[in-house]
Amino acid sequence: MWNPHNTFPTPVIHRKFVFADRAPLNDVLHVTSLLSAEKRYLKTPSLALVLVHDLLLARGGIQAKDGPLKQAVLRHKTRLQAEWVKIKIKRGVKNDAEMAQEDERQAQIPRYVRVNINKWSLSDAVSHFRAQGYVQVQRISETSEKEFHIDEHIDNLLVFPPKTSLLADAAYEDGRVILQDKASCFSAAILAPSPNSIVIDATAAPGNKTTHLSALMDNTGRIVAFEKDRKRFTTLEKMVSKAGCKNVETNCQDFLQTQPSDPRFSQVTHILLDPSCSGSGIVGRLDHLVENRADHDGSENEERLKKLSTFQRQIIEHAMQFPSVAKIVYSTCSIHPEENEHVVRDALAASRGRFELVSRSEALPAWSRRGLESELRGLDAQSLIRCSPEDGTNGFFVACFRRVQNRGKRKELNGLQNEVISGTGIADDAYDKGKRKRRRKQVLESEQSKDEAQEWGGILS
């Protein structure tokens with residue numbers, strides 16, 4: 001899942017500009033009559049705005065998968081580009097930058113650099129940057145340009161000033177360092193597989209979390225990394241190779257199509273899930289284009305989040321079926337409770353006491369921002385992690401599930417899950433085996449909903 005600092009070797013999407021208002025792009029949509037011409041596919045103005053923005057302004061154009069939404073815009077590429085030029089001339093501007101502004105929050109987020117210990121050590125990296133003229137300090141100052149410090153929460157993570165560019169640095173070019181947002185490092189750090197573990201990374205591209213897992217495991221054991229999209233899979237392969245990961249097995253396959261009973265996965269003990277999400281936590285994205293996308297009754301936004309959360313719950317429930325899995329980390333770059341606390345709450349209820357949340361002591365206890373208690377209906381919010389630009393990161397969410405081994409504890413948790421189910425208005429009998437099977441079948445058959453959710457994820461993440 002993309003974020004502004006996950007740029008190794010290249011970002012899935014790189015947005016050059018963030019617009020102060022929607023007027024120029026709305027003008028393009030209006031003049032070209034794009035929405036009416038492609039009403040079968042572009043059902044909402046907000047979706048059209050995001051796609052047109054990427055076509056006209058993002059480096060590499062529209063990076064979503066090559067589906068009907070993307071093609072609906074590409075059919076009008078020449079006209080859209082021509083109208084954009086006319087608008088710039090009318091406004092008397094020379095280039096796109098004069099019509100854009102930087103997100104102030106993005107300018108406050110440090111540049112995080114993860115030291116790839118598969119290739120060298122933290123001390124080697126510190127010496128390298130000192131030799132480049134950087135000064136190691138306890139904490140970088142607001143006005144610093146050539147300073148860095150070692151992060152207090154994540155091992156082997158260096159913190160540089162926000163505008164630091166290391167794309168031309170030899171250590172970046174050869175994979176010794178990886179540019180990765182701090183919050184994005186939390187997933188692997190909390191899953192914490194030991195050396196020689198057998199791990200699944202369910203949605204692995206572009207590979208930041210995969211390579212982090214590899215380093216945490218001392219490049220031993222086995223990581224089975226899945227990515228269903230061919231283009232993103234190619235990016236994953238390049239990154240794994242460049243980072244020197246010898247314990248990663250890449251698969252261009254949909255994780256949801258795997259069979260947990262397959263003997264190949266019989267010893268999988270850890271699974272990392274970072275599925276498609278709304279991407280609402282990523283700073284420097286098109287928040288201003290999509291923040292008001294709901295209809296007056298909020299139905300559009302609600303429906304989109306419902307589709308995403310259905311897919312997210314499905315992937316967690318699938319991971320829980322692997323016979324030897326002991327820990328599952330679920331993460332999103334979303335700020336919405338519907339994709340975070342609600343998904344966790346419902347997944348635990350569906351597990352019928354087979355899984356629980358790890359305690360705060362096992363999930364970065366020093367990190368202060370935790371889950372939203374009001375959204376959990378009796379579960380421990382301290383077990384969950386949230387991140388915000390106020391913390392110097394992108395918006396992020398992490399939950400860690402652990403298989404319950406003690407039978408007595410499991411019985412106790414079953415009672416708690418029943419309370420959660422009742423609290424959410426779901427009758428107990430809705431979770432009997434037959435109805436669960438029918439519900440899963442309905443989700444699997446809803447390819448249109450799943451594809452739309454994943455396409456939104458590709459556009460916005």
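**Figure 1. Helix α1 passes helix α5 in a right-handed crossing.** The model shown is predicted. The axes of α1 and α5 come within 10 Å and cross at roughly 130 degrees. Two packed helices are described by the angle between their axes and the distance between the axes.

**Figure 2. Residues of α1 meet residues of α5.** On the α1 side, the residues in contact are A23, P24, L25, D27, V28, V31 and T32. Their partners in α5 are R79, L80, E83, W84, I87 and R91.

**Figure 3. Helix α5 covers residues 77–91.** The helix α5 has 15 residues. From its first C-alpha to its last, α5 reaches 21 Å, which is close to the 21 Å expected at 1.5 Å a residue. After α5 comes G92, which has a positive phi, near 70 degrees.

**Figure 4. Helix α5 has buried residues and, on the other side, exposed ones.** L80, E83, W84, I87 and K88 of α5 are buried. Seen down the axis of α5, these buried residues fall within an arc of 145 degrees, so they line one face of the helix. T78, K86 and I89, on the other side of α5, are exposed.

Methods
Residues numbered from 1 in each chain as written. Predicted model: local features only at pLDDT ≥ 70, side-chain atom pairs only at ≥ 80, totals over all residues. Heavy atoms only, no water. Helix = DSSP H or I, 4+ residues; strand = E, 2+ residues; numbered from the N terminus. Expected span 1.5 Å × (residues − 1). Buried < 20%, exposed > 50% of the residue type's maximum accessible area, 1.4 Å probe, protein only. Arc of directions from axis to C-beta. Axes fitted to C-alpha atoms, helices over the stretch in contact; angles between N-to-C directions. Left-handed = near helix turned anticlockwise from the far one by under 90°. Contact = heavy atoms within 4.5 Å.
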